[in-house]
Amino acid sequence: MATSSDSSSIDSGHTQRTEPTLNDPITDEKLERQEDQKVYDDIDYPDGGIKAWSVVFGSWCAMLGSFGIWNSVGVFQAYLSENQLSHYTEGDISWIFSVFSFLFFFCGVQIGPIFDAYGLKPLLIPGSIGFVLSIILFSLGSEYYQFFLSFSILGGISCSLVFTPSIAATNQWFNVRRGLATGIATTGGGFGGVIFPILVRALIPKVGFGWTLRIVAFICLVTSTLAVLCLRTRFPPNKASGATIDLSAFKDRRFAATACATFMIEWALQIPQTYFTSFALYKGVDTTFAYQMIAILNGASVFGRWLPGYVADRFGRFNTMIATIFMCAVFSLSLWMGSAAVEGTKTGLMIAYLVCFGFASGSGISLTPVCLAQISDMREYGKRYGTTFSFASLGTLTGVPIAGAILKAQNGRYDGLIAYCGSCYIVCLMFLILARGFGGGWALRKVY
């Protein structure tokens with residue numbers, strides 16, 4: 001447990017506090033930052049114990065369903081494009097999943113502040129009910145508008161009601177080990193992203209599309225129930241926070257740069273998730289194996305969500321994010337671009353990309369909330385989280401359709417789509433370097 005008596009030892013190895021030096025001019029912004037950080041550090045966090053880890057388990061269960069479905073959209077898009085919606089273009093179908101992702105994050109603009117003001121259960125319970133119902137209605141669809149209303153609208157809003165408070169609640173119980181705790185919680189989405197694609201591919205030939213999704217809905221019902229039972233908050237409701245977007249947060253250069261980096265992550269992250277199955281089919285990969293490739297990516301991301309969180313608590317949250325986002329850019333522009341450039345089916349190169357990118361991209365899910373928490377007053381974390389992801393949701397809304405438009409413009413060739421994905425990660429890297437410099441200084445060895 002981190003108390004005031006051992007704060008000096010924590011500062012040297014774990015927390016990310018910055019103190020002025022003789023050569024560091026004290027500006028009004030730095031004085032305000034130090035006051036905010038003092039409030040943040042004075043809060044006593046359990047950083048372990050049965051209650052704290054049960055909250056992590058509850059968050060893991062919430063992520064398995066909500067983020068597991070989000071991680072599996074590529075399988076659903078590929079199936080619909082070959083069956084019920086075969087007369088629509090890939091770009092048209094991608095809007096179903098882009099709007100789902102957009103609402104998944106955009107609704108945080110109100111959900112985050114409502115969490116601050118009213119707590120967890122008023123969001124989590126209706127969200128869990130709506131989420132399960134959306135999958136059942138999705139299983140009954142046959143027309144484009146039915147898939148759009150059930151999955152995109154109801155599913156996107158409901159998943160946001162589940163995802164946002166489950167992340168925020170976890171951060172209330174951990175400080176020194178926050179990266180590790182959040183990383184473990186977000187592995188739930190990785191497990192869901194492994195289980196659901198394999199389940200869908202195995203069950204559809206046996207029981208059909210409808211009953212396959214109803215089985216998925218039942219799994220999500222069980223995990224959502226466990227989430228409701230295990231998740232709890234520590235801080236009393238802060239109704240003074242107000243259920244509004246916090247535009248004033250962008251005056252903080254650290255926050256502005258971090259929010260822009262998050263936008264670029266969301267712009268790029270779902271492109272491989274959505275299009276890699278179609279890419280594999282385009283390159284001649286066996287249909288069964290092509291549908292399982294997303295499971296490989298998500299399986300690798302399980303380790304990419306947990307291990308970077310563990311490392312980040314020791315070497316700096318922003319430092320770790322910079323390293324993993326750099327790897328995302330390199331792997332996309334080398335391994336994926338290479339598999340697209342060579343003739344024939346190169347499954348070895350594809351698998352190498354899925355494993356490497358899956359691991360590196362996991363931190364984009366697990367460490368983004370931790371980085372935001374590091375530069376925020378925890379009693380208004382929900383508002384800042386909602387502000388960030390409402391902004392980033394524009395990336396999720398437009399990223400996949402833009403990639404689809406590039407694919408169409410190149411007559412089905414994937415090199416332009418891949419270059420777009422890699423370029424987004426390069427820009428994200430630049431913003432993260434700025435955020436790290438604004439918050440922790442420009443010294444290479446600085447733990448931040």
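Modeller: Let us start with burial: a residue counts as buried when its relative accessible area is under 20%. The model before us is a predicted one. In it, R384 has a relative accessible area of 15% and is therefore buried.

Biologist: What percentage of the 448 residues of the protein chain count as buried?

Modeller: The figure is 58% of the 448 residues. As for secondary structure, the protein chain has 17 helices and 0 strands. Residues 24 or more positions apart account for 85% of the contacts with a separation of 6 or more.

Biologist: How should I read a salt bridge, and how many salt bridges are there by this rule?

Modeller: The general idea is that side chains of opposite charge can pair when their charged atoms come close. The cut-off is a side-chain nitrogen of Lys or Arg within 4 Å of a carboxyl oxygen of Asp or Glu. By this rule the count is 4.

Biologist: Which residues are linked in a network of salt bridges?

Modeller: The network links D252, R254 and R384. Between R254 and D252, the closest N and O atoms are 2.6 Å apart. Between R384 and D252, the corresponding separation is 3.8 Å. R384 lies in helix α16 and D252 in the loop between α9 and α10, so this pair ties together parts that are 132 residues apart in sequence.

Biologist: Are D252 and R254 buried or exposed?

Modeller: D252 is buried, because its relative accessible area is 13%. R254 is buried as well, with a value of 7%. G440 belongs to helix α17, residues 415–440, and with a relative accessible area of 14% it is buried.

Biologist: With which residue does D313 meet in a salt bridge?

Modeller: The partner of D313 is R317, with an N to O distance of 3.2 Å. D313 counts as buried at 2% relative accessibility, and R317 likewise counts as buried at 2%.

Biologist: Let us turn to helix packing. What describes two packed helices?

Modeller: The description consists of the angle between their axes and the distance between the axes. Take helix α10, residues 253–282, and helix α13, residues 347–361: their axes come within 12 Å and cross at roughly 165 degrees. An angle over 145 degrees counts as roughly antiparallel, and α10 is therefore roughly antiparallel to α13. The crossing of α10 past α13 is left-handed.

Biologist: Which residues make the contact of α10 with α13?

Modeller: On α10 they are L269, P272, F276, F279 and A280, while α13 supplies M350, Y353, L354, F357 and S361. Sorted by class, this contact has 9 nonpolar residues, 1 polar residue and no charged residues.

Biologist: How do the axes of α12 and α13 come together?

Modeller: Helix α12 spans residues 317–341, and its axis comes within 9 Å of that of α13, with a crossing angle of roughly 165 degrees. The two helices are therefore roughly antiparallel to each other, and their crossing is left-handed. From α12 the contact draws on T324, M327, C328, F331, S332, L335, W336, G338 and S339; from α13, on L349, M350, A352, Y353, C356, F357, A360 and S361. These residues divide into 12 nonpolar, 5 polar and no charged.

Biologist: In which loop is D47 found?

Modeller: D47 sits in the loop between α2, residues 28–42, and α3, residues 50–70. At 7% relative accessibility, D47 counts as buried. The C-alpha atoms of D47 and N175 are separated by 6.2 Å, although these residues are 128 residues apart along the chain.

Terms used. Residues numbered from 1 in each chain as written. Predicted model: local features only at pLDDT ≥ 70, side-chain atom pairs only at ≥ 80, totals over all residues. Heavy atoms only, no water. Axes fitted to C-alpha atoms, helices over the stretch in contact; angles between N-to-C directions. Helix = DSSP H or I, 4+ residues; strand = E, 2+ residues; numbered from the N terminus. Parallel < 35°, antiparallel > 145°, perpendicular 65-115°, else oblique. Left-handed = near helix turned anticlockwise from the far one by under 90°. Contact = heavy atoms within 4.5 Å. Nonpolar A, V, L, I, M, F, W, Y, C, P; charged D, E, K, R; others polar. Buried < 20%, exposed > 50% of the residue type's maximum accessible area, 1.4 Å probe, protein only.
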